[in-house]
2 protein chains.
Amino acid sequence: MSNLEFAPPKYAQIVQAIQTRIEDGTYPVGTMLPSEARLVREFGSGRSTVVRALQILSMQGWIEREHGRGSFVKGVPAHGAERSHAGASAFDAPENVGDTTVTAAGRAAAPAVVAEALNVPENSPLIRRQRVILDEDSPSELVTLWFPLDIASGTDLGDTGVIAIGAREHLQALKQVRPARITERLSARLATAEERRLLATEEGAPVLAILATVLNAENAPIAVADIVLPGDLHELEDSYPAT
Amino acid sequence: MSNLEFAPPKYAQIVQAIQTRIEDGTYPVGTMLPSEARLVREFGSGRSTVVRALQILSMQGWIEREHGRGSFVKGVPAHGAERSHAGASAFDAPENVGDTTVTAAGRAAAPAVVAEALNVPENSPLIRRQRVILDEDSPSELVTLWFPLDIASGTDLGDTGVIAIGAREHLQALKQVRPARITERLSARLATAEERRLLATEEGAPVLAILATVLNAENAPIAVADIVLPGDLHELEDSYPAT
DNA sequence: GACGACCACTCGTCCGATCAAGTGAGTATC
DNA sequence: GATACTCACTTGATCGGACGAGTGGTCGTC
């Protein structure tokens, strides 16, 4: 149109135009879109180009195409789910920020739940790395990372020194591990004595406990994070399409 | 090939073939795919068809296409997140299944958190609908649904009679409401006296509390579900790609 | 050796055409 | 009135060509 300016490709322009019209109600939800032939005339492009735009809109969920009938407006596609991924953060958070203290690092015997998640016998030796995060000078989060010995060997994960990048990045920089997926198990329970000590909470205080397992592409466990959040300090948020 | 059997379109066959080859390692991650010209020769189809297949694979995250260089294998795309959507279930679960008891239905004043979620003043009159779900004869879940009066009017949500379909379906069948999104806030706390009575738990028992708000496309709240799960009976699962 | 011209190869976009197949309304037939 | 046919209109799939543009190598010149 205007100049030789950076013009997006025609098909993308058509996609954009139709999205706008759906958003502003020019094409109301449920109604039929102009036919391909019509759009070809309106936009002055070949049918293949119009069809390409419609296919993209269809794949993104804006419209529905029905063979022999027409294309119909479905509406603005809902975003995917959004949530706080406590597990991912546990492995990605660096330790050199002000309010993080590494409280333990080194060998330790696997507790039952961790052993189960890592698929090793209970009390097997593992590398444990534990930190407490303060919020306004009072402890607000206790994170314990657990790694199999072979995965942690050759890394600094078992040393008490601060790791300035996230554990995941540290691991990936030194070893051939490829995290593919994280699964989390979340429950409410009372804090254990050890947790009460580290978090400075009262007896009988409820906590949100998250056990996050990092898996590689073959679904083999790479690491486990045990995250303990005092109930009165934390709220997790989650948001997803309603259909 | 074989007969006149139901053959999927060529482009879909090409998509499938390449997906299989990525999965079984014929095309290892990171390597370059055969060029379009090569694939055209191999599959005996036009370039447009091959390109269409490659574009689909690219949009689905299997490959990455680089102008002037080639197409490269990214790997099997990770699934989206999967989790139990307690909020959605609260509105979709029917009440006529064996272990559900409607314990209250009718007008009630809005508690603070519910009022805030529904964007009304505290103690405003609302329709409340409460049920307890038993697991093996002991209470395992307490769900309280809250609706603004105008939304619930003309429905059976305020009556104590059992609603055989989910509340959402009931509502949508009778009124013009379109749920678009659900947001959840999750926390661990101790059960209140009222909750202990309904759930038959001890004093000091931790519970997982979920406050789910149903929003329409304009982000206006339609309903709220207050879900209380005794901590010793429930574990929520969550799983998502690690990148 | 550094630089640039050239060239083969790659993907990106667009076009117009053909044939197929599903839909729905109108029409002719019974 | 019910049925079958026709026809206009719709999307679905595919083809082959054309031009543009980014990449990376070779090769010649300086």
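This is a predicted model: local features need pLDDT of at least 70, side-chain atom pairs count only at pLDDT 80 or more; totals for chains, interfaces and linings use all residues.
Biologist: Why are helix 1 of chain A and helix 2 of chain A called roughly perpendicular to each other?

Modeller: The axes of helix 1 (residues 10-23) and helix 2 (residues 36-43) of chain A cross at roughly 110°. Angles of 65 to 115 degrees count as roughly perpendicular, and therefore the two helices of chain A receive that description. Their contact is formed by Ile14(A), Ala17(A), Ile18(A) and Arg21(A) of helix 1 with Leu39(A), Glu42(A) and Phe43(A) of helix 2. These residues comprise five nonpolar, no polar and two charged.

Biologist: What makes the pair between Ser48(B) and a base oxygen of DNA strand D a polar contact?

Modeller: An N or O atom in the side chain of Ser48(B) is 2.9 Å from that base oxygen. The limit for a pair of N or O atoms is 3.5 Å, so the pair qualifies.

Biologist: Which helix gives the most to the surface near DNA strand D?

Modeller: Helix 3 of chain B does, with four residues. Strand 1 (63-66) and strand 2 (70-73) of chain A and helix 1 (10-23) of chain B also each supply at least two residues.

Biologist: How do the residues of the surface near DNA strand D divide?

Modeller: That surface has two nonpolar, twelve polar and eight charged residues. Of the DNA strand D atoms within 4 Å of the protein, 63% belong to sugar or phosphate and the rest to bases.

Methods:
Residues are numbered from 1 along each chain as its sequence is written. Chains are lettered from A and ligands numbered from 1 in the order in which they are written. Side-chain values use heavy atoms; hydrogens and water are left out. Axes are lines fitted to C-alpha atoms, for helices over the stretch in contact, and angles run from 0 to 180 degrees between N-to-C directions. Angles under 35 degrees count as roughly parallel, over 145 as roughly antiparallel, 65 to 115 as roughly perpendicular and the rest as oblique. Contact means heavy atoms within 4.5 Å. Ala, Val, Leu, Ile, Met, Phe, Trp, Tyr, Cys and Pro count as nonpolar, Asp, Glu, Lys and Arg as charged, and the others, Gly among them, as polar. A residue is near a molecule or strand if one of its heavy atoms lies within 4 Å of it. A polar contact is a pair of N or O atoms within 3.5 Å; within protein, one must be able to donate a hydrogen and the other to accept it, and residues adjacent in sequence count only if both atoms are side-chain atoms.
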